[in-house]
Amino acid sequence: MTEAEPSNNSTVAKPRLVICIGDIHGYITKLQNLWSNLETQFDPQHFNAATIIFLGDYCDRGPDTKKVLDFLIDLPSKYPNQKHVFLSGNHDFAFAAFVGVLPEPQNGVSFKEGWKEYEESEDREGWYKGDGYENMHLQGRRWAGHIKERFNTIKGTEYKGSIYDAGPTFASYGVPHGSSDLLKAVPDDHKKFLADMVWVHEEDDVCIEDEEGIRHCKLIAAHAGLEEGKNVGEQLRSLKAKETHVPKIQALSGRKTVWDIPKELTEKPIIVVSGHHGKLHIDGLRLIIDEGGGFENKPVAAIALPSMKLVRDTDNLTK
């Protein structure tokens with residue numbers, strides 16, 4: 001394993017600041033406080049030139065999805081020297097599916113074909129059957145559905161409308177959960193944001209500081225992770241192409257299958273960073289940054305590279 005040599009041996013530039021921000025889930029106050037803490041934590045010149053990677057799941061559970069998207073959409077104009085990357089989470093994918101901004105399947109099939117694999121769950125999850133459902137991706141129907149069960153035994157919380165807890169997202173746009181009126185209520189710039197989200201992001205020459213010193217790595221970011229046992233190059237190609245004929249995108253919604261770094265990547269200095277899992281998990285170059293998990297009483301966290309410093313919305317930082 002070798003490290004990249006500095007281009008100028010007489011002047012070693014300070015490593016670029018890369019900040020990865022975990023799942024926000026509709027909590028605008030948490031996002032605002034976290035951003036303020038990040039600004040406080042880092043030198044302004046360094047922060048204003050940082051690469052900021054949002055790991056997805058901007059909507060659902062919390063009450064302010066609309067305000068969260070407004071905040072994110074405004075960042076490039078407020079911080080023009082930063083680089084902003086907005087990954088799609090599984091919740092955002094489903095939101096995009098419902099408002100009709102996913103690309104059509106490339107292989108000539110309809111979204112309807114993807115329903116069959118999961119049709120046994122349709123009754124329990126109360127899939128959406130309102131206007132426009134006939135050619136809607138499975139996850140859009142699940143997102144806007146009405147789940148029959150009231151209590152999520154896995155999370156220990158009550159469902160908020162659907163299996164995705166999408167009720168608060170509808171409410172943030174002023175419409176009842178499951179209403180097709182959401183299509184008119186969501187502004188065009190929000191639809192564009194949802195359409196433009198990336199499913200995977202690669203970043204070259206990201207520095208990380210650990211017991212071995214400063215290492216120069218490649219970084220791959222995907223909301224849930226990359227699948228073990230599948231060719232990584234093929235996964236990246238499919239994710240970049242946004243292949244929507246697949247009813248469930250493992251890199252956005254998988255659990256155990258995407259928890260670890262694929263063995264194919266472990267012999268190289270490659271960071272794999274995700275949110276999604278409702279945990280803060282740092283194991284070598286595998287970074288899972290989702291301390292909040294959409295719970296009201298848990299923080300939204302970010303990790304800064306190369307220092308590996310964790311910053312939370314709950315941190316009491318002063319300038």
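F54 and F86 are both buried in this predicted model. The two residues also form an aromatic pair, with ring centres 5.3 Å apart. Their planes meet at 20°, so the pair is stacked. F54 belongs to strand β2 (residues 51-54). F86 belongs to strand β3 (residues 83-86). The pair therefore ties together parts that are 32 residues apart in sequence.

A second pair joins F98 and W143. Here the centres lie 5.7 Å apart and the planes stand at 50°, an arrangement that is tilted. F98 lies in helix α4 (residues 90-98), whereas W143 lies in helix α6 (residues 138-143). The contact thus ties together parts that are 45 residues apart in sequence. Both partners fall under the 20% limit for buried residues. F98 has a relative accessibility of 2% and so counts as buried. W143, at 0%, counts as buried too.

In total, the structure holds 16 aromatic pairs. One aromatic cluster includes F54 and F86.

K30 is placed over the face of Y27, at 4.1 Å from the ring centre. The charged end of K298 sits over the ring of F295, at 4.7 Å from the centre.

Side chains of opposite charge can pair when their charged atoms come close. The structure holds 19 salt bridges. One of them links D210 and R215, with an N to O distance of 2.6 Å. D210 is partly exposed, at 22% relative accessibility. R215 is buried, at 10%.

R312 and E291 also meet in a salt bridge, at 2.6 Å from N to O. R312 lies in strand β12 (residues 309-312). E291 lies in the loop between β10 (286-289) and β11 (301-305). This bridge therefore ties together parts that are 21 residues apart in sequence. R312 is partly exposed, at 22% relative accessibility. E291 is partly exposed as well, with a relative accessible area of 21%.

A further salt bridge forms between E125 and R124. Their closest N and O atoms are 3.6 Å apart. E125 is buried, with a relative accessible area of 3%, whereas R124 is partly exposed, at 34%. Both residues belong to a network of salt bridges that also links R142 and E149.

Technical notes:
Residues are numbered from 1 along each chain as its sequence is written. This is a predicted model: local features need pLDDT of at least 70, side-chain atom pairs count only at pLDDT 80 or more; totals for chains, interfaces and linings use all residues. Side-chain values use heavy atoms; hydrogens and water are left out. Rings of Phe, Tyr and Trp (its six-membered ring) pair if their centres lie within 6.5 Å; planes under 30 degrees apart count as stacked, over 60 as edge-to-face and the rest as tilted. Helices (H or I, at least four residues) and strands (E, at least two) are DSSP runs, numbered from the N terminus. Buried means under 20% relative accessible area, exposed over 50%, partly exposed in between (1.4 Å probe, protein chains only). A charge sits over a ring if NZ of Lys or CZ of Arg is within 6 Å of the ring centre and within 35 degrees of the ring normal. A salt bridge is a side-chain nitrogen of Lys or Arg within 4 Å of a carboxyl oxygen of Asp or Glu.
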